[in-house]
Amino acid sequence: MTTFTPTSAGEVLSVVQWAVAENAPLEVLGHGSKRGIGRPPQTEHALDLSGLTGVTLYEPEELVLSARAGTTLSEIENLLVERGQELAFEPMDFGPLLGSAAGRGTIGGALAANLSGPRRIKAGAARDHILGIHAVSGRGEAFKSGGRVVKNVTGYDLSKAMAGSWGTLAVATDVTFKVLPAAETETTLVLPGLLDDAAVAAMAVAMGSSAEVSGAAHLPETAAGRVGDGAFKAAATLLRVEGFGPSVDYRVNHLRDVFGGGAGFEEISGGASKAIWRVIRDCLPFADGSQKPVWRVSMAPSETHKAVMALRMEAAVEAFYDWAGGLAWLRMEGDPDADLLRGLVKKFGGGHATLVRASVADRAAIPVFEPQALALAALSRRLKEQFDPQNILNPGRMG
């Protein structure tokens with residue numbers, strides 16, 4: 001395999017133009033932290049963007065940051081912390097779950113995978129924070145979309161079209177994101193011992209309250225036992241409140257009142273709370289170094305736990321929940337059971353099931369991403385034809 005390692009947007013353009021001229025498909029990657037997601041690449045050449053690095057613009061007062069696509073999220077987050085700011089969509093780090101090092105995901109990869117984390121229920125995902133891009137299409141044409149200020153909405157849709165495309169439409173070379181002030185502090189209220197259905201009901205009540213909950217997750221007993229150094233002795237339902245200290249205290253007390261006082265409730269604050277939410281964000285209870293299949297299932301919060309319960313009647317599976325029950329992480333003990341799982345998702349109202357971790361053989365044999373409805377599949381084909389008609393970029397990765 002030939003690996004191209006450009007260090008400028010111009011070099012990226014040259015590589016893609018060569019690939020188009022030679023009809024030589026390219027695997028597009030940064031540091032490879034998400035390389036194990038999707039169908040295995042069927043290419044003889046790779047376009048490695050890990051050398052395309054550096055923050056090119058940061059205006060804290062304007063809440064805007066631009067960086068080259070290969071810049072690591074860890075570098076960007078460290079810079080933002082110094083100014084009391086953050087990427088509010090809380091992008092997940094897939095590295096540990098997929099058996100690689102933490103902190104290697106890139107800002108371009110965050111857009112390509114439309115990353116998010118527990119705060120998605122309040123702040124959305126990467127596509128909701130992208131302001132602009134510079135990119136090279138699969139035609140070998142450089143283009144730009146959007147701008148560098150929050151008020152500039154020109155080209156928003158084109159920038160957002162790249163979100164979740166997994167590098168199959170264009171190669172982003174520079175990206176511009178909106179950043180936001182970070183919370184002064186946070187506290188997580190822990191409701192112990194709830195079963196899945198009761199936990200989902202409690203999270204719905206919390207989300208409907210005036211407490212402005214920014215994270216709501218449930219760890220059944222087995223998953224809870226894998227958090228930290230035995231931090232939880234039983235199932236744990238976690239409700240995060242962020243903001244200024246006095247406001248956080250008031251809203252946590254309000255949550256306590258909502259749930260009847262809760263003498264058995266625990267409060268975890270500051271750095272300890274952040275650590276727990278990183279565990280949930282990065283699916284660390286299942287980051288066990290194995291290739292046991294892991295699914296990411298998004299459904300209506302009221303239905304997800306029902307589908308999981310039905311699945312447990314048919315297969316050996318562990319689960320925990322984020323997004324107030326709207327996201328389930330599942331680890332299968334045996335085969336991925338794609339037909340069974342997707343059949344249950346459909347039965348309980350529909351949603352999306354993505355096979356995040358599996359063996360190469362399973363990823364080659366199973367549709368990794370949720371099969372699209374006919375109308376959406378037709379739209380995806382038209383986009384692909386416009387941006388990459390020769391199927392040069394990450395061919396086959398999405399199915």
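Residues are numbered from 1 along each chain as its sequence is written, and side-chain values rest on heavy atoms, with hydrogens and water left out. Because the model is predicted, local features require pLDDT of at least 70 and side-chain atom pairs count only at pLDDT 80 or more, whereas totals for chains, interfaces and linings use all residues.

Helices (H or I, at least four residues) and strands (E, at least two) are DSSP runs, numbered from the N terminus, and two strands are said to pair if DSSP finds at least two bridges between them. An open sheet of 3 strands shows the order 1-3-2, with parallel pairing. Its edges are formed by strand 1 (2–4) and strand 2 (26–29), each of which pairs on one side only, and the twist from one strand to the next averages 25°. Strand 1 is joined to strand 3 (residues 45–48) in the parallel sense over 3 bridges, with Thr2 standing opposite His45 in strand 3. Helix 1 (residues 9–22) packs on this sheet and touches strand 1, strand 2 and strand 3, its direction making about 160° with that of strand 3; contact here means heavy atoms within 4.5 Å, while axes are lines fitted to C-alpha atoms, for helices over the stretch in contact, and angles run from 0 to 180 degrees between N-to-C directions.

A further open sheet contains 5 strands in the order 4-5-9-7-8, and its pairing is antiparallel. Strand 4 and strand 8 stand at the edges with a single partner strand each, so one side of each is left without a neighbour in the sheet. Neighbouring strands of this sheet are turned against each other by 10° on average, direction ignored. Between strand 4 and strand 5 the antiparallel pairing extends over 4 bridges, and the bridge partner of Tyr58 in strand 5 is Leu65. Helix 1 also packs on this sheet, where it touches strand 7 (130–137), strand 8 and strand 9 (170–178) and makes an angle of about 150° with the direction of strand 9. Helix 2 lies across strand 4 and strand 5 and runs at about 25° to strand 4.

Burial was assigned from relative accessible area, with buried meaning under 20%, exposed over 50% and partly exposed in between (1.4 Å probe, protein chains only). In helix 2 (residues 73–82), the buried residues are Leu73, Ile76 and Leu80. Seen down the helix axis, these buried residues fall within an arc of 65°, so they line one face of helix 2; the arc is that of the directions from the helix axis to the C-beta atoms. They pack against strand 4 (55–59), strand 5 (64–68), strand 6 (85–86) and helix 3 (107–112), whereas Asn78, Val81 and Glu82 are exposed on the other side of helix 2. Just after helix 2, Gly84 adopts a positive phi of about 65°.

In strand 12 (residues 213–219), 7 of the 7 residues are buried, so the strand is largely enclosed by the rest of the structure. Strand 12 pairs with strand 13 (residues 236–243) in the antiparallel sense over 6 bridges, and His218 stands opposite Thr237 in strand 13. Ser214, found in strand 12, counts as buried at 0% relative accessibility. Leaving aside neighbours within four places in sequence, Ser214 is in contact with Pro118, Arg119, Ile121, Lys122, Arg240 and Glu242.

Arg240 in turn lies over the face of Trp277, at 4.8 Å from the ring centre; a charge sits over a ring if NZ of Lys or CZ of Arg is within 6 Å of the ring centre and within 35 degrees of the ring normal. The structure holds 6 aromatic pairs, for which rings of Phe, Tyr and Trp (its six-membered ring) must have centres within 6.5 Å, planes under 30 degrees apart counting as stacked, over 60 as edge-to-face and the rest as tilted. The rings of Phe143 and Phe387 have centres 5.9 Å apart and planes at 55°, so this pair is tilted. The pair links distant parts of the chain, with Phe143 in strand 8 (residues 142–146) and Phe387 in helix 13 (residues 374–387), 244 residues apart, and both Phe143 and Phe387 are buried. Phe259 and Phe265 form an edge-to-face pair, at 6.4 Å centre to centre and with 80° between the planes; Phe265 counts as buried at 18% relative accessibility.
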